[in-house]
Amino acid sequence: MLKTFPVLTRSVLTANPSALHAEGVLARSALSDARGLVAQTLHAHPDEIFFTSGATESDNLAILGVIRSWIKEGVPEKDIAVVTSELEHAGVVEPLNSFSGIFKITLPLADGVVDLRGLQFEPHIQKVLVSIIFVSNEIGTVQPIKEIAKTIRRIKKQYPALSIIFHIDATQAPLYQNLCVDKLGIDLMTLGATKLYTHRGVGVLYKKRSI
């Protein structure tokens, strides 16, 4: 059963959850409870849940975080590929403009659904980030995320030296789709509060422990 929360005063909601005073302790408790509830809903671990200011920031954090971490490891931009579709939100597309050297692949669409068949990579590619929107905010198509994850696993077998991370923007999906992260087979997932009839200015990035 999902946990319910007591009504919190404005002073608690705006308190610093890292502070030691009473309101800070209550804020930290509320934040911990919220993180646990999100983790429970996604069948994830609480330490895999990161709160942001909204879905756009969660997308930004996923894209920039992954690519910058690879570059920090010493991987040249030219050896990094990012796979997206024409349906992606600006929160995914715009951060990619920060990198002039990465190899960008835009997947073809068939009736609004992405097609990974025939996806190939040049021998020099070391790292791949696949970012696909789960439910399109413009045309409403639902991407077969589980099937895409299976295809990614087949690609990994085809290219054993290739490291692939799978991110989805599931902002439009929570009220209609199962978001169990293990069943979806994803590594990163973006969510936003505005589509859940709750507080504006809140987003979530799920990050698998191994990432």
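These are my notebook entries on a predicted model of one chain.

**Ground rules**

I number residues from 1 along each chain as its sequence is written. Because the model is predicted, I take local features only at pLDDT of at least 70 and side-chain atom pairs only at pLDDT 80 or more, while totals for chains, interfaces and linings use all residues; side-chain values use heavy atoms, with hydrogens and water left out.

**Entry 1: the whole chain**

I started with the secondary structure and got 6 helices and 9 strands. Both are DSSP runs numbered from the N terminus, helices being H or I of at least four residues and strands E of at least two.

Next I looked up the overall dimensions. The C-alpha trace spans about 55 × 40 × 30 Å along its principal axes.

Of the 211 residues, 43% count as buried. Buried is under 20% relative accessible area, exposed is over 50%, and partly exposed is in between, with a 1.4 Å probe and protein chains only. I also checked contacts, meaning heavy atoms within 4.5 Å. Among those between residues at least 6 apart in sequence, 59% join residues at least 24 apart.

**Entry 2: the sheet**

I traced an open sheet of 7 strands in the order S1-S9-S8-S7-S6-S2-S3, with mixed pairing. Strands count as paired if DSSP finds at least two bridges between them. At the edges I have S1 (49-52) and S3 (103-107), each pairing on one side only. The twist averages 20° from one strand to the next.

I then took one pair in detail. S6 (residues 127-133) and S7 (residues 163-169) run parallel over 7 bridges. Lys-127 stands opposite Ser-163 in S7.

**Entry 3: helices on the sheet**

H5 (residues 145-158) packs on the sheet, where it touches S6 and S7, and its direction makes about 170° with that of S7. For these angles, axes are lines fitted to C-alpha atoms (for helices over the stretch in contact), and values run from 0 to 180 degrees between N-to-C directions. H3 (residues 55-72) lies across S1, S2 (80-85), S6, S7, S8 (188-192) and S9 (203-207), at about 155° to S8.

The largest nonpolar core has 37 residues, and Phe-121, Phe-166 and Met-189 have the most contacts inside it. Such a core is a set of buried Ala, Val, Leu, Ile, Met, Phe, Trp, Tyr and Cys residues joined through side-chain atoms within 4.5 Å. H5 gives the largest share of this core, 5 residues. I listed what Phe-121 touches beyond four places in sequence: Ala-81, Val-83, Ile-105, Val-128, Ile-155, Tyr-159 and Leu-162.

A second, separate core has 17 residues, including Ile-80, Leu-96, Ile-165 and Leu-188.

Ile-165 is in S7 and is buried, at 9% relative accessible area. Beyond four places in sequence, its contacts include Val-66, Trp-70, Val-128 and Ile-211. Val-66 is 99 residues from Ile-165 in sequence, yet the C-alpha to C-alpha distance is 8.3 Å.

His-167 also has its place in S7. Buried or exposed, I wondered about His-167? At 0% relative accessibility, His-167 counts as buried. Its side chain makes a polar contact with the side chain of Ser-131 at 2.8 Å and another with that of Thr-190 at 2.9 Å. A polar contact is a pair of N or O atoms within 3.5 Å; within protein, one must be able to donate a hydrogen and the other to accept it, and residues adjacent in sequence count only if both atoms are side-chain atoms. Beyond four places in sequence, His-167 also touches other residues, among them Asp-59, Ala-62, Ile-63 and Val-92.

Thr-52 lies in S1 and is buried, at 12% relative accessibility. Its side chain reaches the backbone oxygen of Gly-54 at 2.9 Å. Leaving aside neighbours within four places, Thr-52 is in contact with residues including Glu-57, Leu-61, Gly-201 and Val-204.

Last, I looked at Asp-33, found in H2 (residues 22-42). Asp-33 counts as partly exposed at 22% relative accessibility. From Asp-33 to Ala-193 I have 160 residues in sequence and 16 Å in space, C-alpha to C-alpha.
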